[in-house]
Amino acid sequence: MNVEPAVAEVRRAVRNALRGHRGPLVVACSGGADSLALLAATVAAVPDGVHAVVVDHGLQEGSADVAARVAELARGLGATAAVVRVEVKGRGGPEAAARRARYTALRAARPDPSSPILLGHTLDDQAETVLLGLGRGSGARSLAGMCEWDPPWLRPLLGVRRATTRAACAALDLPVWDDPHNTDPRYTRVRLREEVLPLLEDVLAGGVASALARTARQLQEDAAALDALGADLWRRAEAGTGGRVDVGGM
């Protein structure tokens, strides 16, 4: 059977990310192109045992109806699905408060405490995260961006472009819901997406998003190496060797 290239790319990314993960899977699904493409690919990879969670933040009129339609669509794809209503409040502004409420709800909705929770963050989201960190003068840990596997969060699409997830949804005839907040210029990340990154791509002749995502991967590798070195030093110190360690001739 021929599969559209965008669908094949998303499925391949999901299959690779799921290696080593067992048990029921939770997919956070907002109804946007990224999470819908992720859900469809996850069901294709694991026909049984996929549970979609639709978080209704209650921030827009009609949000309950949108959440119900997305849950029904998820069931049509072959997943079980539930809608969870959350209250968005607390420090850090609406974006940070919504994220905290969403992540808390997703953790609580897992059918099994060991279940990974799949999120639809893409390469473009990673690039925006790194650029935000650069603009704020963040350190290497922050500039490393989002990890693919940060238990319980699993992000299979960090190497996939946002345009690919939208093309996959179009190929599968999946109705995408575009959250108005994702184009609201009052949010910093939206202005980065709509204004700053396109300008950088133009001025630097393209490839900026991929380069930022590559920077994140490199810093993640550096952080992993430093963590391993620190752990080895700690083990040696506890073993009474005085913390001496071979650092490969450095």
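**Exercise 1. Find out how strand 2 sits in the fold.**

Strand 2 (residues 50-56) is mostly covered, with seven of its seven residues buried. Here buried means under 20% relative accessible area, exposed over 50%, and partly exposed in between (1.4 Å probe, protein chains only). Strands (E, at least two residues) and helices (H or I, at least four) are DSSP runs numbered from the N terminus.

A word on the source: this is a predicted model, in which local features need pLDDT of at least 70 and side-chain atom pairs count only at pLDDT 80 or more, while totals for chains, interfaces and linings use all residues. Residues are numbered from 1 along each chain as its sequence is written, and side-chain values use heavy atoms, with hydrogens and water left out.

Step 1: sort the side chains by direction. In a regular strand the side chains alternate between the two faces of the sheet. In strand 2, Val-50, Ala-52, Val-54 and Asp-56 point one way, His-51, Val-53 and Val-55 point the other way, and all are buried.

Step 2: look for the neighbour. Strand 1 (residues 25-28) runs parallel to strand 2 and is joined to it by four bridges.

Step 3: Six strands form an open sheet in the order 3-2-1-4-6-5, with mixed pairing. Strand 3 (80-85) and strand 5 (149-150) stand at the edges, each with a single partner strand, so one side of each lacks a neighbour in the sheet. Two strands pair if DSSP finds at least two bridges between them.

**Exercise 2. Check the length and the cover of helix 2.**

Step 1: compare the spans. The expected span is 1.5 Å times one less than the number of residues. For the 13 residues of helix 2 (residues 33-45) this should give 18 Å, and the end C-alpha atoms are 18 Å apart, which agrees.

Step 2: judge the cover. Because 11 of its 13 residues are buried, helix 2 is largely enclosed by the rest of the structure. Among the buried residues are Asp-34, Ser-35 and Thr-42, along with Leu-36, Leu-38 and Leu-39.

**Exercise 3. Decide what the cysteines do.**

Step 1: recall the bond. A disulfide is a covalent bond between the sulfur atoms of two cysteines. The cut-off used is a pair of cysteine sulfur atoms within 2.5 Å.

Step 2: count. The structure holds zero disulfides.

Step 3: inspect Cys-169. Cys-169 is buried, at 1% relative accessible area, whereas Cys-147 counts as partly exposed at 32%.

**Exercise 4. Tell apart distance in sequence and distance in space.**

Step 1: start at Arg-22, in the loop between helix 1 (5-18) and strand 1. Arg-22 is exposed, at 71% relative accessibility. From Arg-22 to Ser-115 there are 93 residues in sequence and 7.9 Å in space, C-alpha to C-alpha.

Step 2: turn to Leu-123 in helix 5 (residues 123-135). Leu-123 is buried, with a relative accessible area of 7%. Leu-123 and Ala-205 lie 82 residues apart in sequence and 18 Å apart in space, C-alpha to C-alpha.
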